[in-house]
Amino acid sequence: MIRLMTTTATEPTAAGSLPGSRGFDELPRLMGLMTGDEKHGPAATSTLDALWVLYDQVLRVSPATAADPDRDRFLLSKGHGPMAYYAVLAAKGFFPTDWLPGFGTYDSPLGHHPDRMLVPGVEIGSGSLGHGLPLAVGTALGLRAQGRTGPAVWVLIGDAELDEGSNHEALAFAGPAGLDRLHTLVIDNSSATHGWRGGIASRFEAAGWSAATVDGRDHRALYEAFRTPHPGRPHAVVARVEPKAPTRQPAPARAA
Amino acid sequence: MDTMRERFAAVTSRLLDEDPRLAVVLADIGVDGFADAARRHPERVVNVGIREQLLVGVGGGLALAGLRPVLHTFASFLVERPFEQLKLDFGHQGTGGVLVSAGASYDWPSGGFTHMAPGDVALLDTLDDWTVHVPGHPDEAETLLREAAAAGDDKVYVRLSVQVNEVPRPVGGAGFDTVREGRRGVVVAVGPMLDNVLAATEGLDVTVLYATTVRPFDGRALRAAAGAAGSSDVVLVEPYLAGTSTRHANDALADRPHRVLGLGVGRRELRRYGQLAEHLAAHGLDPQGLRARITGFLGA
């Protein structure tokens, strides 16, 4: 597990300033520059490894192609705890790392939920749960309608976010629609109050998706799951990470 | 004569042939009207099933991909049910689209309250920068739908209804149209309310303005009409929730003493089925009910 370092923000930047020159090892320091959203700390670190593998090895998008209609799209639906997301975007050069310390302040474009109108490389404004997957379905349909079969569309949701019914509207449609450029990454840190009996992947598989469940801290396993071929079907990757809370509150007993 | 909904399907099907950027999203309502268009453009006519959150989310995603989405279902399921999707999946993303509703306030009275949406325009009023068209005739609906489809990335709501006026009027642009001129006050008739307003004000010395584009609200025309009439007594007659545009009329006349009476559909649930004419009468929007309230307010 990545341990967040609490080094001071004045530490000199070790890597050069060339876009894309920073590596995974630098992300904890970049995340440490952002303060004020500790409430969402577990939510932020749960996504770090999967985000890095996506941006470093899978997504065909860079600061130079951030407005290219044929770029791959990554939609962060679970807008809570975006520190890892901002750190990865900054490390990849989408915006300067010196934006990070302003996180959450009035004059900063970096809010505790991201806004696509403010942050280069951010594809959607999110924060209210359950919007990203429907938007991703529409984006995939729109690209297909324009004959743009190259770009992949990725959306990241959380296992608790999956509670929102809008996700189920979207995933039940996307399978039969054969949206094979659509990908959902579910970060599962066991935070859904009532859990997902039978597993999260089964929801996608039942709707006609390809699905894989992997260790969300294992970069090689993540990469292989991300690159698994899924002809004619959308693809879901469930990345399991350590539980948000050590013990889940038992569900209240119900009268028969 | 065809209905506004039939005209919508016919016109939008033609627009799909002409404009490769246009895409239609449906949620099992109105699908038959697009059957031919769906065969010609299977990638740009999408039926998501009975899923209204997805209807709007898909529309927002199409807009993010660079298309011009046209979304259609009953007003209650297009505006009320997925309202947060309208707020976030279009405006907050900086994108736009065209919403075309059917059902209006009580187009299907025997369907009951679940299919009535008198609050749709008031709800959209809580959001920034939505254009709202309320045509009063299928010909007007065609003009306004074409205008909406061609309006760049604007956010546009087109409210279709079964209730119509006998004859179409020239519409388009954004301004209110002067139908009658008088000196005892100004009555603004919105969309399908015009015929009843004209009948109600027959023989009265009042100005009647006709409004089909209600957002943005043409405050300049209202001010000019009040000035010409020499009276700042204004009656708004709207086919949706009473008082929806009262704030806009007040703002338009803020520089002078004025009075505004907002007539429209009441909030109270009638719990009645029946016919459209019975609901108009129950809400005081038939010619007799309108005349009584307009003359009472204006003393005309």
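Two residues are in contact if their C-beta atoms, placed from the backbone, lie within 7 Å. In this predicted model, the contact takes 23 residues from chain A and 25 residues from chain B. Chain B is assigned two domains, domain 1 (4–159) and domain 2 (177–298).

**Contact of chain A with chain B**

- On the side of chain A that touches chain B, helix H5 (132–145) and helix H6 (165–174) of chain A each supply at least two residues.
- H5(A) provides the largest share of this side, 11 residues.
- The side of chain A that touches chain B comprises 12 nonpolar, 8 polar and 3 charged residues.

**Domains of chain B**

- The C-alpha centres of domain 1 of chain B and domain 2 of chain B are 26 Å apart.
- Contact between the domains involves 23 residues of domain 1 of chain B and 20 residues of domain 2 of chain B.
- Helix H6 (120–124), strand E5 (130–133) and helix H7 (138–149) of chain B are the elements that give two or more residues to the side of domain 1 that touches domain 2.
- E5(B) gives the most to that side, with 4 residues.
- The residues on that side of domain 1 of chain B are 12 nonpolar, 7 polar and 4 charged.

**Open sheet of chain B**

- An open sheet with mixed pairing is formed by 7 strands of chain B in the order E2-E1-E3-E4-E6-E5-E10.
- Strand E2 (45–47) and strand E10 (213–215) of chain B are at the edges with a single partner strand each, so one side of each has no neighbour in the sheet.
- Neighbouring strands of this sheet are turned against each other by 20° on average, direction ignored.
- The pairing of E5(B) with E10(B) is antiparallel and spans 2 bridges; Thr213(B) in E10(B) is the bridge partner of His133(B).
- Helix H1 (residues 4–18) of chain B packs on the sheet, and its direction makes about 140° with that of E1(B).
- H7(B) lies across E1, E3, E4, E5 and strand E6 (155–159) of chain B, at about 165° to E6(B).

**Helix H9 of chain B**

- In helix H9 (residues 219–229) of chain B, the buried residues are Leu222(B), Ala225(B) and Ala226(B).
- These residues lie on the same side of H9(B) because they cover an arc of only 100° around the axis.
- Exposed residues Arg220(B) and Gly227(B) are carried on the face of H9(B) turned away from its buried side.
- The packing partners of the buried residues of H9(B) include strand E9 (207–211) and helix H10 (246–252) of chain B.

Note on methods:
Residues are numbered from 1 along each chain as its sequence is written. Chains are lettered from A and ligands numbered from 1 in the order in which they are written. This is a predicted model: local features need pLDDT of at least 70, side-chain atom pairs count only at pLDDT 80 or more; totals for chains, interfaces and linings use all residues. Domain bounds come from an automatic or database domain assignment. Ala, Val, Leu, Ile, Met, Phe, Trp, Tyr, Cys and Pro count as nonpolar, Asp, Glu, Lys and Arg as charged, and the others, Gly among them, as polar. A residue is buried if 20 or more other C-beta atoms lie within 10 Å of its own, exposed if 12 or fewer, and partly exposed in between; C-beta atoms are placed from the backbone. The arc is that of the directions from the helix axis to the C-beta atoms. Two strands pair if DSSP finds at least two bridges between them. Axes are lines fitted to C-alpha atoms, for helices over the stretch in contact, and angles run from 0 to 180 degrees between N-to-C directions.
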